[in-house]
Amino acid sequence: SVSISAVESGQTVDELVFTVTNVTDGAAEVISIDGDTVALTDGNSGTTTTNSYGYSVSLTGTTATVTLTTTGTSSAAAQTLVDGLSYANSSEDPTVANRVVTLTSVTDSGGGTDTTTLAVASTVTVAAVNDAPTLTATGTNPTFTEGGSAVDAVRSAVASVAGVASL
């Protein structure tokens, strides 16, 4: 559980910043923010549907920095926002490396010192799963006559081998 306070009465939370390390699987790596799925890709930005929080993502090397603008948000709503953050990776072959999500700063609406620098971290372990291969085919139910030519027993066969991320 998260505890956020603007300290002074009447002030609100204006901005939250966090990082995610070891981001290497492109748009397959996402964060859920305020119920919206946000890809951890450089230059991604927008506004969440539920509470109209602004977000922007910058990627330097393998570290994504996500800035959330929450102008006029109460401390309680900011706490709910942070508590609701979640990570997912839909890659069939995810890079097996821990992702460290770190809340790095909170900015309030007051005068004077408005930003607190933080280092609140959570580690997500990404483990690849060895999936069994699959085969999809349609039986043709042919008739074979002794001494005749060979007949197709299966049509439209599709085989695949895939890996799925398990978080």
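This is a predicted model: local features need pLDDT of at least 70, side-chain atom pairs count only at pLDDT 80 or more; totals for chains, interfaces and linings use all residues.
Biologist: What makes up the secondary structure of the protein chain?

Modeller: The protein chain has 1 helix and 13 strands. Read from the N terminus, its elements follow the order β-β-β-β-β-β-α-β-β-β-β-β-β-β.

Biologist: Which strands form the open sheet, and in what order?

Modeller: The open sheet holds 6 strands in the order β4-β5-β6-β1-β8-β9, and their pairing is antiparallel. Strands β4 (45-47) and β9 (115-124) are edge strands because each has a single partner, which leaves one side of each without a neighbour in the sheet. From one strand to the next, the twist averages 20 degrees.

Biologist: How do you know that β5 and β6 count as paired?

Modeller: Pairing requires at least two bridges between two strands. Strand β5 (residues 54-60) and strand β6 (residues 63-73) are joined by 7 bridges, so they count as paired. The two strands run antiparallel. One of the bridges links Gly-54 to its partner Thr-69 in β6.

Biologist: Where does helix α1 pack?

Modeller: Helix α1 (residues 75-83) packs on the sheet, where it touches β1 (13-20), β6 and β8 (99-108). The direction of α1 makes about 155 degrees with that of β6.

Biologist: Which residues of α1 are buried, and why are they said to line one face of the helix?

Modeller: The buried residues of α1 are Ser-75, Ala-78, Leu-81 and Val-82. Seen down the helix axis, they fall within an arc of 115 degrees, and therefore they line one face. In general, an α-helix has 3.6 residues a turn, so residues three or four places apart point the same way. The buried residues of α1 pack against β1, β2 (29-33), β6 and β8.

Biologist: Why is Asn-44 called buried?

Modeller: A residue is buried when its relative accessible area is under 20%. Asn-44 has 19% relative accessibility, so it counts as buried. Asn-44 lies in the loop between β3 (36-39) and β4.

Biologist: Which residues are in contact with Asn-44, leaving aside its neighbours within four places in sequence?

Modeller: Asn-44 is in contact with Val-38, Ala-39, Tyr-55, Ser-56 and Val-57.

Biologist: What can be said of burial and contacts in the protein chain as a whole?

Modeller: Of the 167 residues in the protein chain, 32% are buried. Among contacts between residues at least 6 apart in sequence, 59% join residues at least 24 apart. The accessible surface of the protein chain comes to about 9400 Å², and 50% of that belongs to carbon and sulfur atoms.

Notes. Residues are numbered from 1 along each chain as its sequence is written. Side-chain values use heavy atoms; hydrogens and water are left out. Helices (H or I, at least four residues) and strands (E, at least two) are DSSP runs, numbered from the N terminus. Axes are lines fitted to C-alpha atoms, for helices over the stretch in contact, and angles run from 0 to 180 degrees between N-to-C directions. Contact means heavy atoms within 4.5 Å. Buried means under 20% relative accessible area, exposed over 50%, partly exposed in between (1.4 Å probe, protein chains only). The arc is that of the directions from the helix axis to the C-beta atoms. Accessible areas come from the Shrake-Rupley method with a 1.4 Å probe; for residues, only the protein chains shown count as cover.
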